[in-house]
Amino acid sequence: MKHNIQPLLGSSYLKAVSAEGVYITDENGKRYLDGSSGAITCSIGHSHPRMIARLRDQLDRLQFVYRSQFGSFEAESLAEKLCLISPDKKYSRSFFVNSGSEATETAMKVAWQYWQEQGQSDKVKFIARRKSYHGITLGSLALSGHKLRRQRFEHTLVQFPVLQSDMEDDTLDEQIEEIEQIIDHEGSHTIAGIVLEPIVGAAGSAIMPPPGYYQLVRELCDRRDILFIADEVLTGMGRTGEYFALNHWNTVADIVAIGKSLGAGYAPIAATLMQGHILEPIKRGSGLIMSGHTYSGHPFSCAAALEVLEIIEEENLPAKATELGSILMEELIEFQRKYDFINKVRGKGMLLGCELDPDVRALQSRLVDLAFEEGLLIYPSVGGRDGSKQNGFLVAPPLTISESEIDELIGKLGTALSKLQNQIVIDGQL
Ligand SMILES: Cc1ncc(COP(=O)(O)O)c(C=O)c1O
């Protein structure tokens, strides 16, 4: 009898029993190279000895306090650390939650409150991208364009203005012009902010906007009096080669959601970071921030995240993401030269994505299965011009991966791709 609900109700999932470094071992003793860090999460690898020691120590001292009764040194130190790693220490305030969805939804609530407390209650809309994923709760899903994930709940989702332009095919001017047009059409007095993933992950297979894009978004937000909210849940904490992917564009947002690599799989934790000026009207007004969860700022999770950030810094993992990511990227480009069914290869640091030919049925799911058989985990993502095709995958191993482990990853992926090639029958279908 199965009691634990997993996504595909008809499938039986193998159970993982242990994990170390970049490898996960299943109940039959087979090892898998974690080429996607789970869901782009386990950035420092599994069973990191420092994490285990730190969390054991934490368990001996303090597990939980409720945030309206006590603060904790763990939460305070983590917020301070996040400020220190942010550009020019701009993200000076942190609100802790438990998942990326909660972090983006908290960003929405903080933005609404920011405007309300200045008497601008009409500023309620968010501009977001058609190709985007910001979370599965109803608020964060309302921001998300991810068709598969939103279609069943469409009736309950607030409909926000959507950016339709293509980040790769349309010019920088066209993309910025579209934002201006939406603001003109809706009226800036109705827009609370714009919410963007710096590099579109699950909903686009690592799409990068053109150089100069975020500098122009920042300038536009200031000029049109709207907030710039960055969803760095997937891109943050070193994965792209910088603590924040927006750093690649020398840009800071007003509010930033982070998650995934913050707890790096050791504890559920995410955060909504903000510049100091965002809290000012709220402090002057009601003085009460209206969001939060029972487990917000959980000392155990905060201790885990603090240790994760110290490991990322001491092991110089953002720089390693850049260095090893470029090796990985070259290998993926090599595969693209070899196989006609790979349409696109892109990304930054250790967040790399490929799009497969959308006209060949089930190519992506077959590849993910073949890789799994080879003992390699890759992450299925969507692509296509309208972002509705199940034809992408992400390669995003732990940033602690070694060069020889990268070779092994490439070897396994190469075998899976060549088996896939052999399975494509004469008419081009599987
Ligand atoms: C960019 C982005 N934002 C938000 C989320 C939601 O995070 P979570 O699954 O932790 O709720 C995700 C998850 O994939 C994501 O990729």
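Is Asp 369 buried, partly exposed or exposed? Asp 369, which lies in helix H12, is partly exposed, with a relative accessible area of 42%, where buried means under 20% relative accessible area, exposed over 50%, and partly exposed in between (1.4 Å probe, protein chains only). The C-alpha atoms of Asp 369 and Val 158, 211 residues apart along the chain, are separated by 36 Å.

The structure is a predicted model, in which local features need pLDDT of at least 70 and side-chain atom pairs count only at pLDDT 80 or more, while totals for chains, interfaces and linings use all residues. Residues are numbered from 1 along each chain as its sequence is written, and side-chain values use heavy atoms, with hydrogens and water left out. Helices (H or I, at least four residues) and strands (E, at least two) are DSSP runs, numbered from the N terminus.

**The four-stranded sheet**

An open sheet of 4 strands has the order E11-E12-E14-E13 with antiparallel pairing, two strands being paired if DSSP finds at least two bridges between them. Its edge strands, each pairing on one side only, are E11 (342–348) and E13. On average, and with direction ignored, neighbouring strands of this sheet are turned by 30° against each other; axes are lines fitted to C-alpha atoms, for helices over the stretch in contact, and angles run from 0 to 180 degrees between N-to-C directions. The pairs are set out below.

| Strand pair | Sense | Bridges | Residues opposite each other |
| E12 and E14 | antiparallel | 4 | Gly 353 and Leu 394 |
| E13 and E14 | antiparallel | 4 | Pro 380 and Phe 393 |

Strand E14 (residues 389–395) is mostly covered, since 5 of its 7 residues are buried. E13 and E14 also form a hairpin with 5 residues between them, and in the turn Gly 384 has a positive phi of about 85°. Two helices lie across this sheet: H11 (residues 317–338) lies across E11, E12 and E14 and runs at about 170° to E11, whereas H12 (residues 363–374), the helix that holds Asp 369, lies across E12, E13 and E14 and runs at about 35° to E14. Contact means heavy atoms within 4.5 Å.

Helix H9 (residues 276–284) has Ile 278, Leu 279, Pro 281 and Ile 282 as its buried residues. These cover an arc of only 155° around the axis, which puts them on the same side of H9, the arc being that of the directions from the helix axis to the C-beta atoms. The buried residues of H9 pack against strands E4 (93–97), E8 (227–231), E9 (255–258) and E10 (270–274), and also against helix H4 (100–116).

**The contact of H3 with H10**

The axes of H3 (residues 73–85) and H10 (residues 299–314) come within 8 Å and cross at roughly 35°. The crossing is left-handed, which is to say that the near helix is turned anticlockwise from the far one by less than a right angle. Residues of H3 in this contact include Leu 78, Leu 82 and Ile 85, and those of H10 include Cys 302, Leu 306 and Leu 309. The residues of the contact divide into 10 nonpolar, 1 polar and 3 charged, where Ala, Val, Leu, Ile, Met, Phe, Trp, Tyr, Cys and Pro count as nonpolar, Asp, Glu, Lys and Arg as charged, and the others, Gly among them, as polar.

**Backbone in the loop between E9 and E10**

Most residues other than glycine have a negative phi. In the loop between E9 and E10, Lys 260 has a phi near 35°, a positive value in a residue other than glycine, and Lys 260 counts as partly exposed at 26% relative accessibility. Ala 264, found in the loop between E9 and E10, has a positive phi near 50°, but Ala 264 counts as buried, at 2% relative accessibility.
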